[in-house]
Amino acid sequence: MYKKEQFMQAAILLLALTFLSIFSASFPYICILTAGILLILFAVRSLSHQESKRLFICQTILSAAFSLLSGNTFSYLIFYELRLKKPIPVIMPTTMFFVSNIIIYPDALPSILCRSLFLLCISGLLYTGEHFIVRYLIIKSQMTYAIRITALRELYEKKLNQELTIKNYLAEKNARLEERENISRNIHNSVGHSITAAIVTLDAADLLFDTSPVQAREKIRLANERIRSGLQSIRHAVRVLDKENSFVCMEDLICELTTAAESFMVDTDTEVYILTPHINSKAQLPYKYMIFLTGAMQELFTNGLRHGNADSFTVYLTGDSRHIKMRVSDNGFSDFSITNQQDRIDKGFGLKKLISYAKHCGGFAAFKNENGFQAEITLPLFQAEREE
């Protein structure tokens with residue numbers, strides 16, 4: 001039984017026995033004083049975390065004194081509150097009554113036996129009532145605990161639902177940002193090349209306009225075609241998003257790179273060499289990889305021509321069952337170096353996009369300047385991704 005409930009029961013029993021003792025005790029004031037000291041001992045016991053032998057001895061002596069001073073049979077019920085191991089509390093009042101009275105009144109054995117049985121019945125009722133009270137408190141405590149657990153679970157589920165809602169919102173937002181990045185990268189890679197080629201062609205036409213109008217007109221026509229091609233590339237870049245989960249052969253990638261390289265050579269009077277040694281032309285790769293690598297090659301061609309005045313480019317394409325690698329090098333004169341590469345990448349747009357996309361796919365992009373600018377892009381080919 002809980003300490004608080006034990007004290008309440010002991011106090012109520014003591015007050016009831018004290019009230020009865022007023023009418024039967026020869027010295028009621030001394031009996032009331034003894035009851036007050038017992039009540040203090042009950043309070044100390046309820047506040048104590050460990051059982052004290054001294055406290056138990058004092059309580060036993062005062063209980064005996066109270067029972068003898070009260071002068072009635074019921075006062076011996078106070079021995080029930082000694083709180084000994086069960087079932088001793090049930091027989092303790094009867095035992096103390098029988099022993100004390102058989103010593104004082106040895107000739108009144110029948111009366112003592114009857115009153116002893118009466119005390120035993122009352123002690124049994126006290127024990128039964130306490131048992132039901134304890135069961136009630138245990139059930140109440142269990143119900144309270146269950147309610148708290150249920151409330152905590154509901155709170156946790158509510159918090160979990162809120163977190164899931166936030167995660168879904170962030171995932172949707174990231175998907176939109178990724179889609180924007182894909183569109184901007186594809187448009188920059190394809191349209192940027194076309195517009196740059198058109199500008200170079202128009203500059204050449206401007207130089208030839210006075211000396212060779214026919215050639216200047218041809219350059220203007222080519223520039224017009226490149227601008228139209230750039231417009232088609234914008235439309236194509238938007239449509240690419242619907243095909244990102246499809247796959248193409250390595251042969252298609254080679255054809256796409258060759259077509260883009262030929263267009264660049266026609267527009268800029270440069271030389272491009274595409275080398276594909278030991279590559280399986282039937283191997284599969286995501287369609288988005290083909291678009292990215294083609295745009296990356298055009299971006300690197302444009303940068304080499306614009307910033308390094310390069311007139312020769314080499315594209316080296318290799319691949320196996322796990323990776324695909326494209327290395328683009330030129331013969332230009334660039335000041336790109338290890339010390340300034342991070343600053344150049346941060347300030348630029350094209351190279352930063354190449355690094356970002358390659359990293360997003362689980363690959364990487366690296367750049368260096370050795371006998372011309374060199375760029376290497378490696379992308380993984382996951383088996384799980386092919387099966388989707």
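Biologist: Is C121 buried or exposed?

Modeller: This is a predicted model. Exposure is judged by relative accessible area, with over 50% counting as exposed. C121 has 51% relative accessibility, so C121 counts as exposed.

Biologist: How many disulfides does the model have?

Modeller: The test is a pair of cysteine sulfur atoms within 2.5 Å. By this rule there are 0 disulfides.

Biologist: Take T268. Is T268 buried or exposed?

Modeller: Under 20% means buried. T268 has a relative accessible area of 11%, so T268 is buried. T268 belongs to helix α7, residues 250-268.

Biologist: What does the side chain of T268 reach?

Modeller: The backbone oxygen of F264, at 2.5 Å.

Biologist: Now a loop residue. Where is G71?

Modeller: G71 sits in the loop between α3 (53-70) and α4 (88-104). Its relative accessibility is 56%, so G71 is exposed. Sequence separation is a further thing to check. G71 and S24 are 47 residues apart along the chain, yet their C-alpha atoms are separated by 5.7 Å.

Biologist: How do I read a helix pair? At what angle do α8 and α10 cross?

Modeller: The axes of α8 (residues 287-308) and α10 (residues 350-360) come within 10 Å and cross at roughly 155°. Angles over 145 degrees count as roughly antiparallel, so α8 is roughly antiparallel to α10.

Biologist: Which residues make the contact?

Modeller: On α8, they include Y289, F292 and L300. On α10, L351, L354 and Y357 are among them. The crossing of α8 and α10 is left-handed.

Technical notes: Residues numbered from 1 in each chain as written. Predicted model: local features only at pLDDT ≥ 70, side-chain atom pairs only at ≥ 80, totals over all residues. Heavy atoms only, no water. Helix = DSSP H or I, 4+ residues; strand = E, 2+ residues; numbered from the N terminus. Buried < 20%, exposed > 50% of the residue type's maximum accessible area, 1.4 Å probe, protein only. Polar contact = N/O pair within 3.5 Å; in protein donor to acceptor, adjacent residues only side chain to side chain. Axes fitted to C-alpha atoms, helices over the stretch in contact; angles between N-to-C directions. Parallel < 35°, antiparallel > 145°, perpendicular 65-115°, else oblique. Left-handed = near helix turned anticlockwise from the far one by under 90°. Contact = heavy atoms within 4.5 Å.
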